[in-house]
Amino acid sequence: MRPPARWIRRVLLAPLAIVVALGLAATAPVWVLLTVALSPFTPGRLRPLRLLWLATVYLLVEAYVLIELFGLWLVSGFGAKVRGPAFQRVHYRLCGAVLRFLYRQARWVLRLTVRIEGTDPDSAPRDRPLLVLCRHAGPGDSFLLAHALINWYDREPRIVLKESLQWDPAIDVLLNRLPSTFIGRDDRTDTEERIGTLAARLDGNDAFVIFPEGANFTPRRWNRAIVRLHALGLHRLARKAEAMHNVLPPRPGGVLAALDSAPDADVMLVAHTGVDHLLTVADVWRELPMDKHITMQWWLEPASAVPAAPDERVEWLYHWWARIDAWIEENRAETLALAALARRRGSPDDAFPRRCAPQSRRRPPRR
């Protein structure tokens with residue numbers, strides 16, 4: 001659903017979010033007693049109480065962020081300098097702190113573990129920007145990716161998002177101040193131009209993020225995407241898509257626009273598995289608490305390896321998506337086994353989850 005006009009979101013939705021958060025916090029004892037009473041009648045361990053905790057934490061964080069953002073708006077001269085370099089760095093630090101806190105809460109409440117494999121962004125040259133192309137599936141994958149880029153790899157992401165995320169007041173205000181663009185379902189004319197503009201003039205610690213599939217994977221969307229390719233006469237690409245059973249066929253328009261605007265950027269491709277089979281709210285509810293193990297795989301493709309011609313770039317993109325599809329198929333069983341092992345041993349609270357943590361985590365100077 002398309003969000004309301006900007007002034008309505010600022011004048012009505014943002015204050016309403018703060019009021020709801022404070023109201024929920026004030027009545028928390030009542031809700032705790034109610035959820036504890038309901039817990040014996042629901043599957044899982046204290047499932048209603050866990051959901052109440054997550055909802056309360058998220059709404060309180062939302063209220064805190066909105067108050068912080070309002071303060072920054074005042075300090076910046078009623079918004080006159082709020083998009084300047086100094087305030088942009090402050091906003092990225094705020095975003096990183098919030099994502100780090102929410103990540104720790106999710107690990108604790110939902111018992112999630114995360115492992116990173118492959119060539120992560122630390123291996124990319126620090127004086128070169130990144131174009132990050134990520135698989136889109138499962139709840140919270142965009143939050144996890146943004147958290148990884150900001151807090152683990154010291155990158156400043158520029159993200160292409162769905163415009164429906166602007167229903168969330170904190171996301172709406174924060175990301176509209178940072179380099180990002182919100183794409184609507186009906187935006188057909190200027191989408192690629194906006195993506196190209198966002199990807200232009202990246203510096204050495206920037207990471208442009210786009211989800212080429214455009215939506216989370218579901219079988220229905222997969223079928224519709226293949227029918228759409230056939231309707232456009234792209235039968236060869238449709239056949240390639242039919243061979244990929246875990247991902248949606250990538251939409252190349254935005255990716256090509258980003259590659260044109262940032263020809264010197266290296267490309268990082270990201271896949272993940274562990275919660276990608278949770279397709280609906282009912283799926284998430286059924287599996288709470290999750291006890292899930294998420295594996296993120298990163299591949300680094302240097303700019304010199306990206307083809308120059310548009311048709312070759314489309315083939316290159318489909319080749320990588322086929323590789324991501326094969327990786328998901330190979331790793332899904334291993335991920336489920338690791339989740340079972342984590343349930344038996346308990347989930348360690350690693351700040352940097354990977355098999356071999358890097359020996360040095362020195363951060364480069366900010367710009």
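Mentor: What follows is a walk through the aromatic rings, with a word at the end on confidence. The model is predicted, so local features need pLDDT of at least 70 and side-chain atom pairs count only at pLDDT 80 or more, while totals for chains, interfaces and linings use all residues. Residues are numbered from 1 along each chain as its sequence is written, and side-chain values use heavy atoms, with hydrogens and water left out.

A search of the whole structure finds 8 aromatic pairs, where rings of Phe, Tyr and Trp (its six-membered ring) pair if their centres lie within 6.5 Å, and planes under 30 degrees apart count as stacked, over 60 as edge-to-face and the rest as tilted. One of these pairs joins Tyr153 and Trp298, whose ring centres are 5.3 Å apart and whose planes stand at 80°, so the pair is edge-to-face. This pair links distant parts of the chain, since Tyr153 sits in the loop between helix 5 and strand 3 whereas Trp298 belongs to strand 7 (residues 293-301), 145 residues apart; helices (H or I, at least four residues) and strands (E, at least two) are DSSP runs, numbered from the N terminus. Tyr153 and Trp298 are both buried, a word that means under 20% relative accessible area, with exposed over 50% and partly exposed in between (1.4 Å probe, protein chains only). When you look around Tyr153 and Trp298, include Tyr103 and Trp152 as well, for these four residues form one aromatic cluster.

Now turn to Trp299 and Trp327, which form an edge-to-face aromatic pair with 6.2 Å from centre to centre and 85° between the planes. Here too distant parts of the chain are linked, with Trp299 in strand 7 and Trp327 in helix 12 (residues 310-345), 28 residues apart. Trp299 counts as buried because its relative accessibility is 10%, and Trp327 counts as buried because its relative accessibility is 8%.

Finally, keep the confidence of the model in mind: the protein chain has a mean pLDDT of 86, and 85% of its residues reach 70 or more, pLDDT being the predictor's confidence in each residue, from 0 to 100. Over residues 347-367, however, pLDDT stays under 50, and for this stretch the model has 45 contacts beyond four places in sequence, a contact meaning heavy atoms within 4.5 Å.
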